[in-house]
Amino acid sequence: MMGLKVSCFVFFLLLQAVNGDVSYSFQEEMKRGSLIGNIAKDLNLDSSKLFARNARVDAAGNRKRYCDISLSTGDLIVADRIDREGLCGEKLSCVIKRDLVLENPLELHPFSLHIHDINDNSPQFKEELINIEIRESAVRGARFVIEEAHDADVGQNSVQQYSLKKNDNFILAVNGNTIELVLDKELDREKQQNINLLLTALDGGSPQRSGTVVIHVTVLDANDNVPVFSQAVYKASLPENSPLDTVVVTVSATDADEGVNGEVTYEFGHVSEDVKKVFSIDRKNGKIKVKGAIDFETVATYDLRIKAKDGLGLSSYTKVTVDVTDVNDNIPVIYVKSLANPIPENVSPGTEVSIINVQDADSDNNQQVRCSIQQGAPFKLVPSIKNYYSLVTTGQLDRELVSDYNITITATDEGSPPLSSSKTVQLSVADINDNPPVFEEQSYSAYVAENNKPGSTLSSVTARDPDWRQNGTVIYSLLAGEVNGAPVSSYLSVNGDTGVIHAVRSFDYEQLRSFKVHVMVRDNGSPPLSSNVTVSVFISDVNDNSPQILYPAPEGNSFMTELVPKAAHAGSLVSKVIAVDADSGQNAWLSYHIVKSTDPGLFTIGVHSGEIRTQRDISESDSMKQNLIVAVKDNGQPSLSATCSMYLLISDNLAEVPELKDISYDEKNSKLTSYLIIALVSVSTFFLTFIIIILGVRFCRRRKPRLLFDGAVAIPSAYLLLITQTLTEQELYAALTIMTPT
Ligand SMILES: *[C@@H]1O[C@H](CO)[C@@H](O)[C@H](O)[C@H]1NC(C)=O
Ligand SMILES: *[C@@H]1O[C@H](CO)[C@@H](O)[C@H](O)[C@H]1NC(C)=O
Ligand SMILES: *[C@@H]1O[C@H](CO)[C@@H](O)[C@H](O)[C@H]1NC(C)=O
């Protein structure tokens, strides 16, 4: 087992045992043939006879002899390799017992061989590499037993000491056979996961031998590292309304530990329920995603606390700040804060009608709102403080032109794209009584035939007032005034509601041909507005008067006689019938006709002039007395007529017919004079009585002086009226005829 060269340094130790046994001591591993001792000499044997006596070394059984005897010299020599370790192992003394056998006679000499150790073995560890695993969490002073090294040699030659190559973490503690690694400085797997230590075992031989072993220390992980986020604070910007599953930010944390200790999972730290409704976090990859509705207007910033946890529950935290950015997703809203409705039409330009407020929930530009109203209406928006606007009038309003306004206010923000909304403000204009009623015509004329029935309709007036309700309600009335000294109300009346004008009395064209009245219209406003119009009433003639013959005097009342000279030639004017007609126009257009005559061929009458002329020369044979009956007709429909008789006397001297002259003049004059006297006396009496009555009435009822005639001014007409009523028509005309020439 070993090829160890042993020098000739041989110890002979001849031990004379008590029992007389011979023994030799020598080192192991001597070369074959090396001399152990001279056993023949030591046993007092005759070496010359050794051969003869067949001397030999004998081992019990089949065991190796290890040595032989030299038959010539009697030397005991090494016959085999002698390895102490092989023979005796760890026993300190190693003795081999053998016998020397001789024959003739048989002799048996036991002897023993003491084998000494030499340092021929190195210390040796059981394995070349020792693997140990130490958890990094092991504390300083922790001990780890290492199996000791072995050295087959014994005694000093066996393992005497150990040494550990210098390293950072471990020192060596040796106590007898117990070898321990002592942790001097704590391990950190994250710094150094594997450590190789070199342990050397040394024996005490000379030369010294050693053996080494590599101790491979695997540092096992302990969960001694918390996950570490890559950033202390994460910032993210997220547009509102981002779709679901949008990745907001990815947080990441690393854990220096390994395996389960380094497996990082993510979750929310302490966050509100609201945040959990909006965001989700992926446990594995740390992606934070949108899970719910993001509304800038509700929450503009989210602070999320994120927890990273490793497998065994060490955790750390980070903060994610999510700034939600505004998107123009809110339309501007228009609020009508106040509204004066209705507004009176007479407000001055610049009057504030309404206050508008616009709000936009977005921010920045998306919140900037411009307001406008449509053109055309007399209003404008005046920006006021902040988002307030005043709606003011820009001009005069006129309810009668535009009574309602729908003002559409449009608000547009400055987002991109811009959003807008509009609102319509309904505004009505309240009436002010600013329009007087106006008659449709500048003036009115009414035409009525005389002798009308009282109450008959003459005409109607119409006025318009564009104002509203009572401000536009028209009421007609007659303006006080006089016609021929009598109040107009005794002539006409007007229907207050309809404007229809009625006659109050029957008119007489011969007395009153036309008159004017003023009709007033007023509205019902307060104060009322009014205007007036002139209504001219024209009374038209009706043929109600017969022609009145003035000359010759009517039949029965006179004996008018015309003298016709006997020498009158044809065409000579003889006389003239004079007639008048109180009517007018056609009704007064008279025509004259001879309806009967004594000698029809002798006289003609001018149809329109009433002149009676001879038609031929008078001849002696013509009768002296000629009678004509003349009819006077007017041109009315139907026409009226009157007749008279004309007495013509063909004579050159009136004296020829005295009886006619006397009778006619006397009778006529006296009769007329007496009529006139009676009439004047009675009228004067009446007149005086009348004055007295009027004065009395005035005195007693001062408050209503105008109920009756208007004093003195009215008298002359009344007087005339009275006269006409007292006298018959014929008498009146007769009187007029007489009075006129004087
Ligand atoms: C205003 O709007 C109302 C309702 O929409 C409508 O009835 C009315 O006719 C409008 N007025 C004007 C002046 O446009
Ligand atoms: C009529 O006009 C007056 C002001 O002149 C006003 O106060 C009143 O309200 C108006 N009446 C109506 C019914 O509009
Ligand atoms: C009638 O109208 C005229 C002008 O149109 C005015 O001057 C006059 O005062 C009015 N009369 C009355 C009584 O209102």
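Which residues are around ligand 1? I found D404, N406 and Q426 there, counting a residue as near a molecule if one of its heavy atoms lies within 4 Å of it.

**Basis.** I am working on a predicted model, where local features need pLDDT of at least 70, side-chain atom pairs count only at pLDDT 80 or more, and totals for chains, interfaces and linings use all residues. Residues are numbered from 1 along each chain as its sequence is written, chains are lettered from A and ligands numbered from 1 in the order in which they are written, and side-chain values use heavy atoms, with hydrogens and water left out.

**Ligand 1.** I looked up the polar contacts (pairs of N or O atoms within 3.5 Å; within protein, one must be able to donate a hydrogen and the other to accept it, and residues adjacent in sequence count only if both atoms are side-chain atoms). A polar side-chain atom of N406 is 2.3 Å from an oxygen atom of ligand 1. Of the 360 Å² of accessible area that ligand 1 has on its own, the protein covers 31%; such areas come from the Shrake-Rupley method with a 1.4 Å probe, and for residues only the protein chains shown count as cover.

I then checked I407, which sits in strand β31 (residues 404-413). Strands (E, at least two residues) are DSSP runs numbered from the N terminus. I407 has 0% relative accessibility and counts as buried; buried means under 20% relative accessible area, exposed over 50%, and partly exposed in between (1.4 Å probe, protein chains only).

**Ligand 2.** I listed D431, I432, N433, W468, R469, Q470 and N471 around ligand 2. A polar backbone atom of N433 lies 3.0 Å from an oxygen atom of this ligand. In the side chain of N471, an N or O atom is 2.2 Å from an oxygen atom of ligand 2. The protein covers 59% of the 360 Å² of accessible area that ligand 2 has on its own.

**Salt bridges.** I searched the whole structure and got 25 salt bridges, each a side-chain nitrogen of Lys or Arg within 4 Å of a carboxyl oxygen of Asp or Glu. I followed R189, which pairs with D221 at 2.9 Å, N to O. R189 is in the loop between β13 (178-183) and β14 (194-203), D221 in the loop between β15 (210-220) and β16 (228-229), 32 residues apart. R189 is buried at 7% relative accessible area, and D221 is buried at 5%.

R189 also meets E258, at 3.3 Å, N to O. E258 lies in the loop between β19 (253-254) and β20 (265-268), 69 residues from R189. E258 is partly exposed, at 34% relative accessibility. Salt bridges with shared partners join R189, E190, D221 and E258 into one network.

**Cysteines.** How many disulfides does a search of the whole structure find? I got one, taking a disulfide as a pair of cysteine sulfur atoms within 2.5 Å. The pair is C88 and C94, with sulfur atoms 1.7 Å apart. The link is right-handed, with 70 degrees about the S-S bond. C88 is buried at 12% relative accessibility, and C94 is buried at 2%.

Technical notes. Helices (H or I, at least four residues) and strands (E, at least two) are DSSP runs, numbered from the N terminus.
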